[in-house]
Amino acid sequence: MYQYLLLLDTDQERDFFQMLYDRYKNDMYYTAYRILQNRADAEDIVHETFLTLTENLVKIMGDPPQKNRNYILTIVNVT
């Protein structure tokens, strides 16, 4: 997770990202694995999703948790 935090500019962004990471990493992996049926591919998708989140984090800060969850799982499904 720390490699993602290095990509963020502010403590607020890092705190928000860490909360998202802790809260959704398992759901992301589960969703990716259900689709791909391959552990390595699922891990790659989760990694790519977290990279996408670091690039778009400011856009979702302040959104309700359910909206963030839907956004994150949508990225997993599309990636």
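Predicted model: local features only at pLDDT ≥ 70, side-chain atom pairs only at ≥ 80, totals over all residues.
1. Read along the sequence, the protein chain shows the pattern α-α-α-α.

2. On overall form, the C-alpha trace of the protein chain spans about 35 × 25 × 20 Å along its principal axes. A compact globule with 79 residues would have a radius of gyration near 12 Å, and the protein chain agrees with this, having 12 Å. Of the 79 residues, 35% count as buried; a residue is placed in that class when its relative accessible area is under 20%.

3. How many salt bridges does a search of the whole structure find? The search finds two, and they are described in the next two points.

4. R14, with a relative accessible area of 24%, is partly exposed.

5. Another salt bridge is formed by D27 and R69, whose closest N and O atoms are 3.5 Å apart. This pair links distant parts of the chain: D27 is in helix 2 and R69 is in helix 4 (residues 65-78), 42 residues apart. D27 is partly exposed, with a relative accessible area of 27%. R69 is likewise partly exposed, at 28% relative accessibility.

6. Which residues gather in a patch of negative charge on the surface? They are D41, E43, D44 and E48. E48 is found in helix 3, which covers residues 39-60. With a relative accessible area of 37%, E48 counts as partly exposed, because this class lies between the limits of 20% for buried and 50% for exposed.

7. The loop between helix 2 (11-36) and helix 3 contains Q37. Most residues other than glycine have a negative phi. Q37, a residue other than glycine, has a positive phi, near 55 degrees. Is Q37 buried or exposed? At 54% relative accessibility, Q37 counts as exposed.

Terms used: Residues numbered from 1 in each chain as written. Heavy atoms only, no water. Patch = residues over 30% accessible without salt bridge, like charges linked within 9 Å, V, L, I, M, F, W, Y side chains within 5 Å. Areas by Shrake-Rupley, 256 points an atom, 1.4 Å probe, with all protein chains shown as cover. Salt bridge = Lys/Arg side-chain N within 4 Å of Asp/Glu carboxyl O. Lys, Arg positive; Asp, Glu negative; His and termini not counted. Charge placed at Lys NZ, Arg CZ, Asp CG, Glu CD. Helix = DSSP H or I, 4+ residues; strand = E, 2+ residues; numbered from the N terminus. Buried < 20%, exposed > 50% of the residue type's maximum accessible area, 1.4 Å probe, protein only. Rg over C-alpha atoms; globule rule 2.2 N^0.38 Å.
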